Structures are given as structure tokens and as C-alpha cells.
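Here is a short report for a reader new to this structure. Take a look at the model, then read on.

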Amino acid sequence: MKRVAVKIAYLGRDYNGSQYQPGFKTVVGDVYSDIEAVTKDTDRRWLGLKVASRTDAGVNALDNVVVFNTRFDDVFALLEALNSVSEGIFYKCVAEVDQTFNPRFADLRTYRYSLYSEGIDFNRVVECSKLFVGKHNFMKFCKSDDRNTVLDMEDIEVSQNDRFIILTFCSRCFLWNMIRRIVSAIESVGKGVHSLDDIEDALNGKDINFGIARPDALTLMEVTYNDVKFLCSGNRQYNKRLKEKRLINALENGFFSQL
């Protein structure tokens, strides 16, 4: 028996979030189904499946991590098999880990949000973003789930292209709805609806409702473990599926650009 950590990617629009919910299509539900189809292991307690980062319905992931037990000797053959049966999950890379490894204890998580830039002052967005960097109580910028709301936001990088302002968030962990609530607050300041003082007041505990940003513009970019080395093989099924998805995306973009 081996315990493996596997990097996965998925489009959030296909799922009602990452956590298992009976009767709903979820990331963990599909991972269970894919593993069972390949390995015939139906004892979910034995699999011991854990996920690094919880993502809400609609939120994408390019690099989440799942950990589970397997009887496969060849971990690259396992990736190939999983990609051959999966419809929505891309199984990217793999690492063997010990039984004590907990994917929740990552060294860094990186999320990216694409904020439509029309009507938003970029410089105000930059200034507002700086207020969230460092150690703060994010109680007013999350949905409570009884966790400690004091966190250290290591960095928020802000950039811009023709249509979007790109906000990249780096921290060891994030709270429920935290990034989407912060983005909504930043957008509000960028549009002149709220002030920088409002942000500071909320970080100091004042009850101000900034709303919550849409989920499909948020992507989990990477979950980093300093002591785990993931290996990626020449995965034929992965590349085949990726090529087809890129073709479909190009055809859709071509269609909508002519409307």
C-alpha cells in the first residue's frame, strides 16, 4: 500500500464545490468515483481521502491537492488510469507521502482573481490591496466557520491587462469566502463607493457590508509544500484530454467573438 498526493485541476462551473455532498456533483465525489473505477477500492475509509483546499461552488483550481491510499505500485500508471476515466478532473502530478502527511498544512497557497476593470480606478485598487497585507483579523471579510480569523496575508500582487485587473493572493491559509469578500471590497473602493478608511474600519471590527464577488473569476493557482516533490510523467491521457478542451475553448471563443 502507498499513500499518494496528487495535484488536480478542475473548472468550478462543473461542481457544487469541492467538499463531498450526497446528491450533488462535487470535486471529492468525482475523485472518489474515478479512484473506484480504476482501483475497484470501494472502502472510502481505507482510501483516507483528504483535500488540501476547500473551494466553493464555481471556484476553479489549477493546482489543488488530494491525498489517498492506493495499491498501485506504479504511481504514473495510476495517473494515466485516472485521466482515462475522469470527465471533469485533470490529474497532473504525483508524490509519495507518509501516512502522517496532512494536505491541509501547506506552506503557501496562491489564489488569483480576475476583476473586470471597467469603471475601476487601478491606482485605488493598488492602494486598497496594500491594506490587507500583513497580520489582520479578517472577521468582517469571511463567512464564519469557528476558525481563528486572525491571519497573515503574505502578499497581494496587482497587475492589469486590456480587460481585467489581476489580483494574486498569497498566504498559508484562507478563510471561507475570504478572497471573494476582499475582492468585492477592493472593487467597491476602486469604483469610489467606499473609501480606504472604510476598509481600515472593517479590519478593526466595524460591521460594513462590502458584498461578495462572483466565484467563477477565482482560481486556486497553487498549493505549495516545501518538503514534497511532485513528479509529472508524460501522461498521454492527460495531454489528449487537454488538447480536446483547448480546441473546444478556441471554437467557442471564435463563435462568441463574431456575435
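Which residue in β10 stands opposite Ala 61? Leu 220 does.

This is a predicted model, in which local features need pLDDT of at least 70, side-chain atom pairs count only at pLDDT 80 or more, and totals for chains, interfaces and linings use all residues. Residues are numbered from 1 along each chain as its sequence is written, and side-chain values use heavy atoms, with hydrogens and water left out.

**Strand pairing**

Helices (H or I, at least four residues) and strands (E, at least two) are DSSP runs, numbered from the N terminus. Two strands pair if DSSP finds at least two bridges between them. Strand β10 covers residues 218–224 and pairs with β3 in the parallel sense, over 2 bridges. β10 also pairs with β5, in the antiparallel sense, over 6 bridges. There, Thr 110 has Glu 222 of β10 as its bridge partner.

**The core**

A nonpolar core is a set of buried Ala, Val, Leu, Ile, Met, Phe, Trp, Tyr and Cys residues joined through side-chain atoms within 4.5 Å. Buried means under 20% relative accessible area (1.4 Å probe, protein chains only). The largest such core has 75 residues. Phe 132, Phe 138, Leu 167 and Phe 169 have the most contacts inside it. Helix α5 (residues 178–190) gives the most to this core, 7 residues.

Contact means heavy atoms within 4.5 Å. Leaving aside neighbours within four places in sequence, Phe 132 touches several residues by this rule, including Phe 138, Met 153, Ile 182 and Leu 203.

**The pockets**

On a 1 Å grid over the protein atoms alone, a pocket is an open set of points where a 1.4 Å probe fits, with protein on both sides within 12 Å along at least five of seven lines; lining residues have an atom within 4 Å of a point. Grid points are joined across faces, edges and corners, and a volume is the space filled by probe spheres set on the points.

| Largest | about 1,300 Å³ | α7, 9 residues |

Of the 29 residues lining the largest pocket, Leu 11, Arg 13, Asn 60, Leu 62 and Asn 249 are the closest to its centre. The second largest pocket is lined by 20 residues. Nearest its centre lie Arg 54, Tyr 111, Phe 174, Leu 175 and Trp 176.

Key: Buried < 20%, exposed > 50% of the residue type's maximum accessible area, 1.4 Å probe, protein only.
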